[in-house]
Structures are given as structure tokens and as C-alpha cells.
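Subject: Structure for your review

Dear colleague,

Please find below the structure that I am handing over to you. My notes on it follow directly after.

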Amino acid sequence: METQHLVEIRNLKKYYPVQRGFLGKTEGSVRAVDGVSLSILRKETFGLVGESGCGKSTLGRLILRLEEPTEGTIFYEGKDILHFNKGELQNLRKEMQIIFQDPYSSLNPRYTVFQLIREPLLIHQKEDVRFHGERVMDLIREVGLQEEHLTRYPHEFSGGQRQRIGIARALALNPKLLICDEPVSALDVSIQAQVINLLQDLQKKYGLTYLFISHDLSVVEHLCNRIGVMYLGRIVELSHTQRIYQQALHPYTQALLAASPIPDPDLKRERIILQGDVPSPITPPPGCNFHTRCPRVFEQCQREVPVLREVEPDHYVSCFLYPAAQKTRPVAVDEGKGDNRSKPRA
């Protein structure tokens, strides 16, 4: 039986040891991901936002098992992938792919476009080698490039074209899940809109599921069904996109939205200026990670760690300002209500 959730994460942690001295003595850990729990529904776009260094990209790499977690579980289609053997993990690679942030460094400069797109087919579908050329042709057309581009090298393309090549390569094995690690942040604004529209069209055509990692709130608003907000390795708020943008509850989310520019000179938004710097992930503050910068901090925040709990239907917040809803449910359960996305204008 097909499960509602494609991916489920429970209490996921990733700590990097900090070693110093001649003997490399471990003196602490960088808490890149610190107890994250969430789920991603089939065929949805789940947005992950937060400041640089909050652990967004690390979380995406953990889901793909490009890195091994320190603690926690990752379920894909109901199966715990952390216990997969080498053969099972290789089969999993076909269904989970990544689009990298930098289209300049993510492509091998010595390969032609044809070789770049064919490479995953050679690794995973060796028995169908006579069909590889046909498949590569279909993919290059799918992303809006021409057959004549297949014999060229990455340095001969613009940033937007390189990202299209990366998308074609990620689609080569017909995956179900795509981790989009800030795929448009290195592109011009007009090219960003084209790539976003391409991702939306591909999702509709192939029924893809996206984990979209970004710090650009305007892009996330257009593209995502649900949003998780990360701060210092933890999820602090999670809900439907419209609810986050219309009624953000966590003080950190409110500050993020207040810092996002509005493309209308007549509209005014109250600015929330956060005091101080982001604490070090090596020595995070006791209690709530955000209490050192929060404008609404009180004594309990400094002593206790808030848990992510449902304070309204399908709205989860990690903050003592809001009591839990009367009928609590597991973190990140979603009923899949509606598609609130809209196409960005190029």
C-alpha cells in the first residue's frame, strides 16, 4: 500500500566534531542539524528556509544519505533507509536526486553535455546502453535546450543553461524526489523565473516531489505548498505557505518576513530588527536557541527547550508564546489541502 508521505524524518541530528591541537583532540561538536522532525507528502513542494548556516543544505544531504546522521531516522516510502545495504542504497539513488546551487562547479568541465547527462544512465542502466542516446535527446529537449548543445562543454553556456543541464541530469533516472538546493540563487532574476516555471512544469508532467531549499522568501512563496523555517539546526515553524505568509507566529519567522522587500513603494511593512548575531552552533545557548535575539523573550525561554507542537490545525510552532492545540497530532502531519502556488512572472 502506498503511503501518504514520501519522506518522514524523526529526531534527525548531525554533529560534526571539532578537533584541535597536535593530537586532534575533540573539544566539541558543530550542531548542524539538531533534532529535526518533518514529513514530505507525495507530489508536493516542501520549502525549507532560514539564514545561511542554519542547516538547510545539510538536512538535504542527510536525506540523500550523502552524509550519515549522528542520530535519528529517515523513512522513504515507509522504509528506514539508514539500514539499507549497498545494493538497496544503489537502487534508492535512482529515486532521489539533487539539483545543486552552483551550476558552475556542479558540472565536470571535461565532459560534454551528452556525457554529463548520460553518466547516471551508464552507472545505473548498463543493460540499456543502446537506448541512452535517445533518452539524452529527450531530456535535453525537455529542459529547453537544443540537440546542437550536446557536443559542447559547460564553459560554453550561461548560468541558466548550465542549471538546465543539471536539471536534465537529475531527471535522467526518473526520480520521485528532487532535492533542490538553492537552484536559482546564483542566477539573474529573469532567468530565475524561467527555471522556476520549468520546475513547476516538470513536476506536473512527472508527478515529482520537491524539497526546495532557499533563502529567497519570494521564490518560496510562489513555488511551495508547505514551508518549514529553520534556525540554528532546528525547525521553529511549519505550516501551509499561505498561513506562514499571512499569519506567521514564531518571532523569527516574523522577522524573516519583515526583512523581505515588497515590490510596491506604496505598501509599508513594520521592520523587526533582530539584535545581536546568530549564536555559534558549537556552543548554542541554553533553552530556546533564539532567545538571545528574540524581542519577546521571557524567563522560561532561557531555561527550557521548546518542542515543535501544533498550536492551530496544521500549524506547528516551537515557541512558549503559544499553547498547544487541544487535540495534538504528530509533527508535520498534513491533509494535503489545495495547491496554493502561483506562477511567477518572468
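The crossing of helix α5 over helix α6 is right-handed. Please bear in mind throughout that this is a predicted model.

**Helices α5 and α6**

The axes of α5 and α6, the latter formed by residues 189-206, come within 10 Å and cross at roughly 15°. Angles under 35 degrees count as roughly parallel, and α5 and α6 are therefore roughly parallel to each other. On the α5 side, the residues that meet α6 are Gly 160, Arg 164, Ile 167 and Leu 171. Their partners in α6 are Ile 191, Gln 194, Val 195, Leu 198, Leu 199 and Leu 202. Sorted by class, the residues of this contact are 7 nonpolar, 2 polar and 1 charged.

**Helices α3 and α5**

Helix α5, which spans residues 159-171, also packs with helix α3, residues 113-124. The angle here is about 30°, and the axes are 7 Å apart. It follows that α3 and α5 are roughly parallel to each other. The crossing in which α3 passes α5 is right-handed. From α3, the contact draws on Val 113, Leu 116, Ile 117 and Pro 120, while α5 supplies Ile 165, Ala 168 and Arg 169. The contact of α3 with α5 comprises 6 nonpolar residues, no polar residues and 1 charged residue.

**Helices α3 and α4**

Helix α3 has a further partner in helix α4, residues 132-142; their axes come within 10 Å and cross at roughly 120°. That angle makes α3 oblique to α4. The α3 and α4 crossing is right-handed. The residues of α3 in this contact are Val 113, Phe 114, Ile 117, Arg 118, Leu 121 and Leu 122. Those of α4 are His 132, Gly 133, Arg 135, Val 136, Leu 139 and Ile 140. By class, the contact of α3 with α4 holds 8 nonpolar, 2 polar and 2 charged residues.

**Gly 159**

Gly 159 belongs to helix α5. Its relative accessibility is 11%, so Gly 159 counts as buried. In sequence, Gly 159 and Pro 103 are 56 residues apart, yet their C-alpha atoms are 6.2 Å apart in space. Leaving aside residues up to four places away in sequence, Gly 159 touches Pro 103, Tyr 104 and Leu 187.

**Helix α1 and the residue that follows**

The buried residues are Lys 56, Thr 58, Leu 59, Gly 60, Leu 62 and Ile 63. After α1 comes Arg 65, with a positive phi near 60°. Arg 65 is placed in the loop between α1 and β4 (71-76). With a relative accessibility of 12%, Arg 65 counts as buried.

**Glu 182**

Glu 182 likewise deserves a note: its phi is near 50°, a positive value in a residue other than glycine. Glu 182 sits in the loop between β7 (177-181) and α6. At a relative accessible area of 9%, Glu 182 is buried.

**Cysteines**

How many disulfides does the model contain? The count comes to 0 disulfides, where the rule asks for two cysteine sulfur atoms within 2.5 Å. Cys 224 is in no disulfide, and the nearest cysteine sulfur, that of Cys 180, is 9.0 Å away. Cys 224 has 0% relative accessibility and so counts as buried. Cys 319 is in no disulfide either; the nearest cysteine sulfur, belonging to Cys 301, is 6.2 Å away. Cys 319 is buried, its relative accessible area being 9%.

With kind regards

Definitions and conventions: Residues numbered from 1 in each chain as written. Predicted model: local features only at pLDDT ≥ 70, side-chain atom pairs only at ≥ 80, totals over all residues. Heavy atoms only, no water. Buried < 20%, exposed > 50% of the residue type's maximum accessible area, 1.4 Å probe, protein only. Axes fitted to C-alpha atoms, helices over the stretch in contact; angles between N-to-C directions. Helix = DSSP H or I, 4+ residues; strand = E, 2+ residues; numbered from the N terminus. Parallel < 35°, antiparallel > 145°, perpendicular 65-115°, else oblique. Left-handed = near helix turned anticlockwise from the far one by under 90°. Contact = heavy atoms within 4.5 Å. Nonpolar A, V, L, I, M, F, W, Y, C, P; charged D, E, K, R; others polar.
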